[in-house]
Amino acid sequence: MQIYTPCHPLEATPRRDGVEWARPVTLGDDVWVGGGAILCPGVTVGDRAVIAAGAVVTKDVPADTVVAGNPARVIRSGLNPTE
């Protein structure tokens, strides 16, 4: 799993000048993150969510869902805690 928080401008001049900032990544309770998944700056992963191996998470992940792909998309929702 890779968690990235740094951001930078798209324009080259401010990047050369070293302009950079960070946005937090927030993980809820009981989250499962598969191997090789990438969490991009500023995303929040809801409680009990599952992130598939290799997923690239660019947007918030709702609670009780499974996300997969690049970019990650919800492939299942309404997870039952007893399953």
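**View 1. Contacts of V61 in the predicted model.** V61 touches T44, V45, G46, A49 and V67, with residues up to four places away in sequence left out of the count. The coordinates shown here and in the other views come from a predicted model. V61 also belongs to the largest nonpolar core, which has 11 residues. Among the contacts of V61, V45, A49 and V67 are members of that core as well.

**View 2. The largest nonpolar core.** Which residues make up the largest nonpolar core? They are V25, A37, L39, V43, V45, A49, I51, A55, V57, V61 and V67. In soluble globular proteins, nonpolar side chains tend to be buried together.

**View 3. Overall layout of the chain.** The chain holds 1 helix and 11 strands. Read from the N terminus, the order of elements is β-β-α-β-β-β-β-β-β-β-β-β. Along the principal axes, the C-alpha atoms fill a box of roughly 50 × 20 × 20 Å. Of the 83 residues in the chain, 25% are buried. The accessible surface amounts to about 5300 Å², and carbon and sulfur atoms account for 53% of this area. Of the contacts between residues at least 6 apart in sequence, 12% join residues at least 24 apart.

**View 4. The open sheet of β1, β6 and β9.** This open sheet has 3 strands in the order β1-β6-β9, and the pairing is parallel. β1 and β9 stand at the edges with a single partner strand each, so one side of each has no neighbour in the sheet. Strand β6, residues 38–39, pairs with β9 in the parallel sense over 2 bridges.

**View 5. Strand β10 and its two partners.** Which residue of β11 is the bridge partner of A68? The partner is R73. The hairpin of β10 and β11 has 4 residues between the strands, and G69 there takes a positive phi near 105°. P71 lies in the loop between β10 (65–68) and β11 (73–77), and the peptide bond from N70 to P71 is cis, with omega near 0°.

View 6. T65 is found in strand β10. Is T65 buried or exposed? T65 has a relative accessible area of 4% and therefore counts as buried, the cut-off for buried being under 20%. Apart from neighbours within four places in sequence, the contacts of T65 are R48, A49, V50, V74, R76, S77 and L79.

**View 7. The salt bridge of R48 and D64.** How many salt bridges does a search of the whole structure find? The search finds 1. In this salt bridge the side chains of R48 and D64 meet at 2.6 Å, N to O. The pair links distant parts of the chain, 16 residues apart: R48 is in the loop between β7 (44–45) and β8 (50–51), and D64 is in the loop between β9 and β10. R48 is partly exposed, with a relative accessible area of 36%. R48 is also one of the contacts of T65. D64 is not a glycine, yet has a positive phi of about 60°.

**View 8. D30 in the loop between β4 and β5.** D30 lies in the loop between β4 (26–27) and β5 (32–33). Although not a glycine, D30 has a positive phi of about 60°. The relative accessible area of D30 is 65%, so the residue counts as exposed.

**View 9. A nonpolar surface patch at M1, I3 and L27.** M1, I3 and L27 make a nonpolar surface patch of about 280 Å². M1 is placed in the segment before β1 (2–3). Why does M1 count as exposed? The relative accessibility of M1 is 52%, and the cut-off for exposed is over 50%.

Key. Residues numbered from 1 in each chain as written. Predicted model: local features only at pLDDT ≥ 70, side-chain atom pairs only at ≥ 80, totals over all residues. Heavy atoms only, no water. Patch = residues over 30% accessible without salt bridge, like charges linked within 9 Å, V, L, I, M, F, W, Y side chains within 5 Å. Areas by Shrake-Rupley, 256 points an atom, 1.4 Å probe, with all protein chains shown as cover. Salt bridge = Lys/Arg side-chain N within 4 Å of Asp/Glu carboxyl O. Buried < 20%, exposed > 50% of the residue type's maximum accessible area, 1.4 Å probe, protein only. Core = buried A, V, L, I, M, F, W, Y, C linked by side-chain atoms within 4.5 Å. Contact = heavy atoms within 4.5 Å. Pairing = 2+ DSSP bridges.
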